[in-house]
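Subject: Structure handover

Hi,

Here is the structure I promised to pass on. Please open it next to this email and follow along.

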Amino acid sequence: GISKGRAVHPKSVNDGLYRGFGEDSLCKAYSAFLHLARKHGRAAFLSDPRLSFSLYESFRPDIPAGAVGWGAKGNLNLDLIRRPMWC
């Protein structure tokens with residue numbers, strides 16, 4: 001990944017995810033996101049650069065009042081990620 005114009009080592013990203021989710025929750029989230037990616041297929045993501053963000057908008061966590069920034073904690077509802085596309 002890239003942060004502030006600099007490459008971020010994948011291990012750093014992985015470590016941050018483990019800290020934020022915990023191992024069990026991270027595995028469940030990874031599984032749900034993998035299911036979502038497979039449901040749409042690689043070609044859909046390559047042909048529509050807005051697809052990833054529009055999907056994120058459909059399930060992004062609600063952040064409690066008073067919490068701000070990317071580090072604010074919220075509850076990620078995995079059922080929203082796994083739901084059929086027509087719901």
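D24 and K28 join their side chains in a salt bridge, 3.2 Å from N to O. A salt bridge here means a side-chain nitrogen of Lys or Arg within 4 Å of a carboxyl oxygen of Asp or Glu. Side chains of opposite charge can pair when their charged atoms come close. D24 and K28 are separated by about one helical turn, because they sit 4 residues apart in helix 2. An α-helix has 3.6 residues a turn, so residues three or four places apart point the same way. K28 counts as partly exposed, at 43% relative accessibility. The cut-offs are these: buried is under 20% relative accessible area, exposed is over 50%, and partly exposed lies in between (1.4 Å probe, protein chains only).

A word on the source before going on. This is a predicted model: local features need pLDDT of at least 70, side-chain atom pairs count only at pLDDT 80 or more, and totals for chains, interfaces and linings use all residues. Residues are numbered from 1 along each chain as its sequence is written, and side-chain values use heavy atoms, with hydrogens and water left out.

**Other salt bridges**

How many salt bridges are there by this rule? The count is 4. One of them links D15 and K11, with the closest N and O atoms 3.0 Å apart. D15 and K11 lie 4 residues apart in helix 1 (residues 10-21), so about one helical turn separates them. D15 is partly exposed, at 28% relative accessibility. K11 is exposed, at 51%.

D48 and R50 also meet in a salt bridge, 3.4 Å from N to O. Is R50 buried or exposed? R50 is exposed, at 63% relative accessibility. D48 is partly exposed, at 25%.

**The overall layout**

The chain has 5 helices and 2 strands. Both kinds of element are DSSP runs numbered from the N terminus: helices are H or I with at least four residues, strands are E with at least two. From the N terminus on, the order is β-β-α-α-α-α-α. The C-alpha atoms fill a box of roughly 30 × 30 × 25 Å, taken along the principal axes.

Of the 87 residues, 13% count as buried. The chain exposes about 7200 Å², and carbon and sulfur atoms supply 57% of that area. Accessible areas come from the Shrake-Rupley method with a 1.4 Å probe; for residues, only the protein chains shown count as cover.

**The core**

Which residues make up the largest nonpolar core? The 8 residues are A29, A32, L36, L51, L55, F59, L78 and I81. Two or more of these residues come from each of helix 2 (23-40), helix 4 (51-59) and helix 5 (78-82). A nonpolar core is a set of buried Ala, Val, Leu, Ile, Met, Phe, Trp, Tyr and Cys residues joined through side-chain atoms within 4.5 Å.

Take a look at F59 in that core. Leaving aside neighbours within four places in sequence, F59 is in contact (heavy atoms within 4.5 Å) with F33, L36, L76, L80 and I81. Now the contacts of the chain between residues at least 6 apart in sequence: 40% of them join residues at least 24 apart.

**Helix 1 and its surface**

Helix 1 has 12 residues. From first C-alpha to last, helix 1 reaches 16 Å, close to the expected 16 Å. That expected span is 1.5 Å times one less than the number of residues. G22 follows helix 1 and has a positive phi, near 85 degrees.

V13, L17 and F21 make a nonpolar surface patch of about 220 Å². Patch residues have over 30% relative accessible area and no salt bridge; like charges are joined within 9 Å, and nonpolar side chains (Val, Leu, Ile, Met, Phe, Trp, Tyr) within 5 Å. V13 sits in helix 1 and is partly exposed, at 40%.

**Two more places to look**

Find G74 in the loop between helix 4 and helix 5. G74 is partly exposed, with a relative accessible area of 34%. Setting aside neighbours within four places in sequence, G74 touches P61, D62 and I63. The C-alpha atoms of G74 and P64 are 6.8 Å apart, and 10 residues separate them along the chain.

Then find S3 in strand 1 (residues 2-3). S3 is partly exposed, at 39%. S3 and D24 are 21 residues apart along the chain, and their C-alpha atoms are separated by 27 Å.

Best wishes
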